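Subject: Structure for you to look at

Hello,

The structure we spoke about is below. Please open it first, then read the notes that follow.

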Amino acid sequence: MVAAASVVVAVGTATGLLSALDDGGGSGSEEARPAVTSSPLLAPLPARSSATPAPSASKSPSPAPSARTTTETRKPSRTPSPSLSPSVTRPEPAPEAERAPVPVSPRLYRNPDSKVLDWVRDHPDDPRRPVIEAEIADRPAAVWFADFSPSTIASRVRAVTAGAAGTGRVPVLVPYAVPDRDCGGASQGGAPDLGAYDGWIDAFAAGLGSDEVIVILEPDSVALSDCLSADRRSARFASLARAGRVLKAANPRARVYYDAGHSGWNAVAKQAARLRQAGAASAASSDGVFSNVSNFHRTGDEVAYDRRVLDALGGPVSLGAVIDTSRNGNGAPADGEWCDPDGRKLGRAPTTSTGEARIDAYLWVKLPGESDGCKGAPGTFTPSYAYDLAR
């Protein structure tokens with residue numbers, strides 16, 4: 001998969017807007033907390049570099065990307081999924097012409113349940129603690145849902161969205177359970193089949209609530225699909241298009257973004273064509289695309305790439321892009337290493353005020369400090385790695 005996404009949050013001393021920092025990753029302020037589940041490790045792809053499960057880094061044709069495995073990822077049970085509860089009847093979404101674009105709130109949620117916050121609380125005397133707390137633990141980050149658990153997913157999503165609503169903040173959620181994810185790499189797992197996945201998404205949508213929420217739909221599911229036969233790829237894309245429709249019908253204020261890989265991976269025309277098949281060009285299912293999840297490519301490169309993808313994709317002019325800036329402060333390693341490469345650092349602070357046309361947000365999707373599997377066990381918080389990224 002594409003380079004793993006890590007959750008990084010800087011000490012928040014005030015409420016309000018997060019300021020976007022340059023790629024060097026200076027501090028910002030924010031009150032929300034990181035993800036409940038660790039990001040999966042996303043494994044690298046063929047020739048352009050990236051990381052996967054935060055998964056870990058992603059695969060692509062230049063420096064190889066990575067796979068995504070979260071500490072929450074478990075091998076799916078290969079039995080039919082139990083009936084999902086509650087069963088919700090959702091209205092058909094309005095035609096695209098009637099769907100007004102919803103502006104993204106500048107306030108992002110920091111989930112109070114995260115491995116980095118646990119480490120900060122448990123190590124008050126560690127000399128690395130002030131840096132890790134200020135530069136990572138106190139910044140808002142994504143919450144990953146990477147295990148196939150149909151009976152509990154609705155309540156777990158609801159716990160996060162309700163917590164965010166109670167603080168007036170916007171959570172970033174990452175559903176990561178599509179079958180055959182990561183092409184059997186380090187972040188392998190997910191639902192046993194697409195029927196079970198569709199039911200899991202129905203239950204996930206039931207927990208979204210009615211307040212604003214950002215959904216990063218299935219990292220690597222579009223960019224990393226060459227391992228599937230044409231028929232299986234088409235079936236996956238149909239399921240992803242359905243997922244977007246279900247999520248937006250359940251909560252019209254949900255903003256759903258689809259997998260664009262990253263600037264060092266697939267050619268723009270190829271990626272846009274696949275995104276179109278997956279429903280990313282339809283306002284009924286999509287608000288645009290995301291890129292660089294769990295990877296290291298520079299923000300400027302991603303901005304240019306995402307705009308080209310959006311132009312090739314077509315669809316409503318309201319479609320935008322979000323970029324994972326959690327670990328891209330020094331750009332991607334020249335040798336294409338994706339697994340906890342040395343010399344990386346935090347990127348721009350999470351914000352929805354980017355100042356860039358068609359770029360809706362810079363987010364910390366990969367959880368910074370959670371290992372891709374080289375400096376620690378995949379998906380575990382590794383303080384030495386976090387400290388190296390933050391200082």
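**Helix packing and disulfides**

α3 passes α4 in a right-handed crossing. A crossing is right-handed if the near helix is turned clockwise from the far one by less than a right angle, and left-handed if it is turned anticlockwise. Helices (H or I, at least four residues) and strands (E, at least two) are DSSP runs, numbered from the N terminus. Helix α3 covers residues 153-167, and α3 packs on α4 at an angle of about 35° with the axes 7 Å apart. Axes are lines fitted to C-alpha atoms, for helices over the stretch in contact, and angles run from 0 to 180 degrees between N-to-C directions. Contact means heavy atoms within 4.5 Å. On the α3 side the contact is made by Ile-153, Ala-154, Val-157 and Arg-158, and on the α4 side by Trp-200, Ala-203, Phe-204 and Ala-206. By class, seven of these residues are nonpolar, none is polar and one is charged. Ala, Val, Leu, Ile, Met, Phe, Trp, Tyr, Cys and Pro count as nonpolar, Asp, Glu, Lys and Arg as charged, and the others, Gly among them, as polar.

Before going further, note that this is a predicted model: local features need pLDDT of at least 70, side-chain atom pairs count only at pLDDT 80 or more, and totals for chains, interfaces and linings use all residues. Residues are numbered from 1 along each chain as its sequence is written, and side-chain values use heavy atoms, with hydrogens and water left out.

Helix α4 (residues 194-206) also packs with helix α5 (residues 230-250), at about 15° and with the axes 9 Å apart. α4 and α5 are therefore roughly parallel to each other, a label for angles under 35 degrees; over 145 counts as roughly antiparallel, 65 to 115 as roughly perpendicular and the rest as oblique. The contact of α4 with α5 has 11 nonpolar, one polar and four charged residues.

Helix α6 (residues 268-277) and helix α7 (residues 299-313) cross at roughly 55°, and their axes come within 9 Å. α6 and α7 are therefore oblique to each other. Their crossing is right-handed. Residues in this contact include Val-268 and Leu-275 of α6, and Tyr-305 and Leu-313 of α7.

The structure holds two disulfides, a disulfide being a pair of cysteine sulfur atoms within 2.5 Å. One of them joins Cys-183 to Cys-227, with 2.0 Å from S to S. This pair links distant parts of the chain, 44 residues apart: Cys-183 is in the loop between β2 (172-175) and α4, and Cys-227 in the loop between β3 (213-216) and α5. The link of Cys-183 and Cys-227 is left-handed, with -80° about the S-S bond.

Last, the confidence. pLDDT is the predictor's confidence in each residue, from 0 to 100. The protein chain averages 81, and 73% of the residues score at least 70. Over residues 1-36 pLDDT stays under 50, as happens over residues 43-53. Where pLDDT is low, the predicted coordinates should not be read in detail.

Regards
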